[in-house]
Amino acid sequence: MATSLSEGSEGLLGVAAQRRRTAIWLLALTAGLILTGVVAVGSGAIGIPPLTVARIIGHQLLGVPGDVTWTPPQEAIVWQVRLPRVLLGMLVGAGLAVCGVALQAMVRNVLADPYLLGINSGASSGAAAAILFGAGAGFGQYALSTSAFAGALAASLLVFLIARSGGRLTSLRLLLSGVAVGYALYATTSFLIFASGSAEGARSVMFWLLGSLGLARWNALLLIAAIVLGGTVLYLTIVGRRLDALAIGDETAQTLGVSPARFRMGLLVVVSLSVGVLVSAAGSIGFVGLVVPHLARRLVGAPHVRVVPVAAILGAVLLVWADVLARVLLAPQEIPIGIITSLLGAPFLLILIRRLHASGA
Amino acid sequence: MIEATGVSWRYGTNPVIDGVSVTARPGRVLGLIGPNGSGKTTLLRLLYGALRSGAGQVLVDGDNLGTLAPREAARRLAVVVQETGGETALTVAELVLLGRGPHLSTFQRTGKADHEIAARCLTRVGAAHLATRAFARLSGGERQRVLIARALAQQATHLLLDEPTNHLDIRYQHEILQLVRNLGTCSIVVLHDLNLAARYCDDLVLLGQEGVVTAGTVDEVLEPAVLEPVYGINIQRLDLDGAIHLLFQPIEPGVA
């Protein structure tokens, strides 16, 4: 039955089976995401049962159930503090994961990731400049995001220019220049924060280096959601076929009707925009963009039209769980979330390096 | 029909291709031959627009290649490049389906017709049994056949191939070129092997260090007197049953 005649060429090519598999994973992951959300909102210094969480959210959103069976503090914790935090975590996880997917396709290296390529640190520098020196003040409430975007874009362009100078763009040069630019910018950011003696307490050096979801607010979520979901996830899914072609090579992309230079530039802008708003809201969180694309490819194969949405949901789930760990491991003290993602991500990176070595690449 | 007039390319200050003109006629196979470093691949890349010549122009069915949108160019020219894409994690079927990209709108996913075309193209190159395998795990010869299947799936009006017989067993060298020949589309093939060129091309362009040495039909170009100075080897030509065969003998040191 698996390759019956009625399925014809689709059965032969395995297209139908792959589509079914992707649909199943998307459904399962979406269910997991909802479950994760409810459990994560309930966990923390004050535990709230999942059912109560679901009731409070239902009551706030839809007015169902109508009767209040919970305490006002519970409602405040769920609605004002934890839900925005969990939603921010989902957006950050999804955004960083798909940015990693895009970068891995465009530089054709499985180790590419906004953090390793220095794009996060560019965004941090931009955001810090906005806070300390009022850069981008003309953009009003969006000054921070705009400045972080400008920093991210400048850093990624710088990395690409350095890697390209004096010859062909190779993955090794790209990663090395990314690491160099990244360290330089982090050092600059940290130095500026210390030197200014600024009383900007909430966004400390620690925030920019290791990230935190603690500053999540409802009013900032809309912009982030629009850029991450509407802009990045949707865009990258739509251009999935072009990403496939670009991931094979510039020559191949060109012969399949994709202009590689222009497409790569467009991707850099989209990635920088996403990383810019995410870093300005949650600091710099590493390893998500590196790890999640690999997991997604394991689940549904390589075509980007499938990898992008799966990576987005997977990234969202993983980052929220990382944040739950950050909140409960040493409760009531909160660990910066970057420590958790690094602890989980670094062994993964080692496995990846081992496998690269084994395959002789 | 592809008509290139006066195209040039230089790496640094060193001109590789200087004011070259070639014409590929409809329904015929044009071979680009010449020794290493004569610019065969560079010329081919100029012909499909990966390199843009400052001077001269390339016309594809009368339209300037430089002004065609990338997708439209991809519907007219299918190219098998030497870039292998060996690290991709795509399956064979997924890779071949990429050839349908230029025919699909941005929001359209591949449909039944596309899958049938891809399956047919894989069958044509004898690779249907590989469809669900990972491309990266294939042998060099299998990869080459799959890449040709992708080019066929593009259903372009012209087919350009850069040394398509590299890495292929002798049997597949002939099968692939036979296939190209039987397509009946205007094709341009870069070839190292002059005997393959003799058998499967209609027209040849012979490139030397100074550009085009000669162009014409296979019979005209594959003359020992023309080839010997370009390749630096003694050549004997046999015409057996209407087919040209070339035999090679190194020039004795000191004799030449």
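1. Let's start where the chains meet: 26 residues of chain A are in contact with 30 residues of chain B (contact: C-beta atoms, placed from the backbone, within 7 Å). On chain A's side, the elements giving two or more residues are helices H1 (8–13), H10 (240–248) and H11 (250–255), with H10(A) giving the most, five residues. Helices (H or I, at least four residues) and strands (E, at least two) are DSSP runs, numbered from the N terminus.

2. A word on the model: it is predicted, so local features need pLDDT of at least 70 and side-chain atom pairs count only at pLDDT 80 or more, while totals for chains, interfaces and linings use all residues. Residues are numbered from 1 along each chain as its sequence is written, and chains are lettered from A and ligands numbered from 1 in the order in which they are written.

3. Now look at helix H5 (residues 140–153) of chain B. Twelve of its 14 residues are buried (20 or more other C-beta atoms within 10 Å of a residue's own, all placed from the backbone), among them Val146(B) and Leu147(B). What covers the buried residues includes strand S6 (77–80) and helix H4 (112–124) of chain B. Just after H5(B), Gln155(B) takes a positive phi of about 45°.

4. Finally, find the open sheet of chain B, where four strands run in the order S2-S1-S4-S5 with antiparallel pairing (strands pair if DSSP finds at least two bridges between them). S2 (14–24) and S5 (63–64) of chain B each have a single partner strand, so one side of each lacks a neighbour in the sheet. Between S1(B) and S4(B) there are four bridges; Ile2(B) has Val60(B) as its bridge partner in S4(B).

Key. Two residues are in contact if their C-beta atoms, placed from the backbone, lie within 7 Å. The expected span of a helix is 1.5 Å times one less than its number of residues.
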